[in-house]
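Work through the exercises below with the structure open beside you. Try each task before you read its solution.

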Amino acid sequence: AEEAMRAMSEAKSAFGDGSVFIEKYIGSPRHVEIQVLGDIHGNMVYLFERECSVQRRHQKVVEEAPSSILTPEVRREMGECAVRVARAAGYYNAGTVEFLVDEHLNFYFLEMNTRLQVEHPVTEMITGVDLVKEQIKIARGEKLSFAQHELQMRGHAVELRVYAEDPTNNFLPDIGKLEQYKKPEGPGVRVDDGYEEGMSIPIYYDPMLAKLIAYGKDRTEAIERLIRAIDDYRIVGVKNTLAFGKFVLRHPDFVSG
């Protein structure tokens with residue numbers, strides 16, 4: 001109560017208004033989001049979840065689908081909740097409803113992203129749905145070609161955002177020329193990027209170089225493939241988050257989910 005009074009008097013003297021908000025404290029929060037797709041005819045589905053709890057500066061850096069903590073019941077509950085919020089807004093297009101999840105699997109609405117997200121490939125890998133293609137069809141006024149019960153999750157996918165940043169210096173963005181740039185290949189490996197060898201990384205944009213995604217029959221295989229892909233990725237000329245990604249993927253807390 002004493003803290004509340006102090007906060008109120010501080011607010012009153014600073015802003016002339018003593019109103020304060022009380023927010024729920026979430027012990028060990030996890031960031032779990034639900035991908036939705038809706039058409040202009042009112043059809044709306046959820047394409048399961050992505051877990052994006054590995055972040056730096058409150059920005060995602062490793063994302064995976066499905067989450068290692070959700071039960072089928074909680075997954076369905078969150079999915080239906082996401083569909084309801086999108087429906088209530090009359091939403092159509094691809095969108096993502098983000099939640100915070102606590103250690104008891106209670107979930108709380110965080111925000112909705114009314115667009116395609118950086119981490120959408122992990123959802124594409126486990127559902128087999130091309131989200132970009134679906135968005136174009138929705139924009140054309142077409143009906144969704146599948147219903148909720150037809151969607152299934154297969155396997156596991158993990159994505160590392162490859163940034164031109166120095167992980168050893170508080171993830172400070174780096175600029176320079178890509179003296180060497182060679183992408184990894186092989187089964188279950190996907191690279192979505194916008195640069196090639198010889199190009200310069202300028203200061204004006206987001207420092208993301210690429211998204212490196214690995215898919216496997218289960219989480220273990222997906223992680224192993226991603227580690228191998230990191231080892232095969234050659235980026236010389238700018239500092240980057242590849243080594244940090246490997247550190248995360250081998251960290252006991254990540255491995256154990």
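The exercises that follow use a predicted model.

**Exercise 1. Classify Gln135 as buried or exposed, and find what its side chain meets.**

Solution. Begin with the location: Gln135 is part of helix H4, which covers residues 131-139. Next, take its relative accessibility, which is 18%. Buried means under 20% relative accessible area, so Gln135 counts as buried. Then look at its side chain, which makes a polar contact of 2.7 Å with the side chain of Asn93. Last, list the contacts of Gln135, leaving aside neighbours within four places in sequence: these are Asn93, Ala94 and Leu116.

**Exercise 2. Compare the backbone and the exposure of Leu105 and Phe171.**

Solution. Start with the general rule: most residues other than glycine have a negative phi. Now read the angles. Leu105 has a positive phi, near 65°, and Phe171 also has a positive phi, near 55°. Place each residue in turn. Leu105 sits in the loop between strand S4 (93-101) and strand S5 (107-113), while Phe171 sits in the loop between strand S7 (165-166) and strand S8 (172-173). Leu105 has a relative accessible area of 21% and is partly exposed; Phe171 has 10% and is buried.

**Exercise 3. Describe the peptide bond from Ala65 to Pro66.**

Solution. Recall that most peptide bonds are trans. The bond from Ala65 to Pro66 is cis, with omega near -10°. Pro66 belongs to the loop between strand S3 (59-65) and helix H2 (72-88).

**Exercise 4. Which residues have the most contacts inside the largest nonpolar core, and which elements supply it?**

Solution. Take the core itself: it has 33 residues, and Val162, Leu209, Leu212, Tyr233 and Ile235 have the most contacts inside it. Now go through the elements. At least two residues of this core come from each of S3, strand S6 (156-163), strand S11 (189-193), S13, helix H5 (219-232) and helix H6 (242-250). H5 gives the most, with six residues. For one example, follow Val162: beyond four places in sequence, its contacts include Leu209, Leu212, Tyr233 and Ile235. Another core lies apart, with 27 residues, including Ile34, Phe48, Ala94 and Phe99.

**Exercise 5. Find the residues of the nonpolar surface patch that contains Tyr205.**

Solution. First locate Tyr205, in the loop between strand S12 (200-201) and strand S13 (208-216). Its relative accessible area is 58%, so Tyr205 is exposed. As a general background, nonpolar side chains in soluble globular proteins tend to be buried together.

Conventions:
Residues numbered from 1 in each chain as written. Predicted model: local features only at pLDDT ≥ 70, side-chain atom pairs only at ≥ 80, totals over all residues. Heavy atoms only, no water. Patch = residues over 30% accessible without salt bridge, like charges linked within 9 Å, V, L, I, M, F, W, Y side chains within 5 Å. Areas by Shrake-Rupley, 256 points an atom, 1.4 Å probe, with all protein chains shown as cover. Salt bridge = Lys/Arg side-chain N within 4 Å of Asp/Glu carboxyl O. Helix = DSSP H or I, 4+ residues; strand = E, 2+ residues; numbered from the N terminus. Buried < 20%, exposed > 50% of the residue type's maximum accessible area, 1.4 Å probe, protein only. Polar contact = N/O pair within 3.5 Å; in protein donor to acceptor, adjacent residues only side chain to side chain. Contact = heavy atoms within 4.5 Å. Core = buried A, V, L, I, M, F, W, Y, C linked by side-chain atoms within 4.5 Å.
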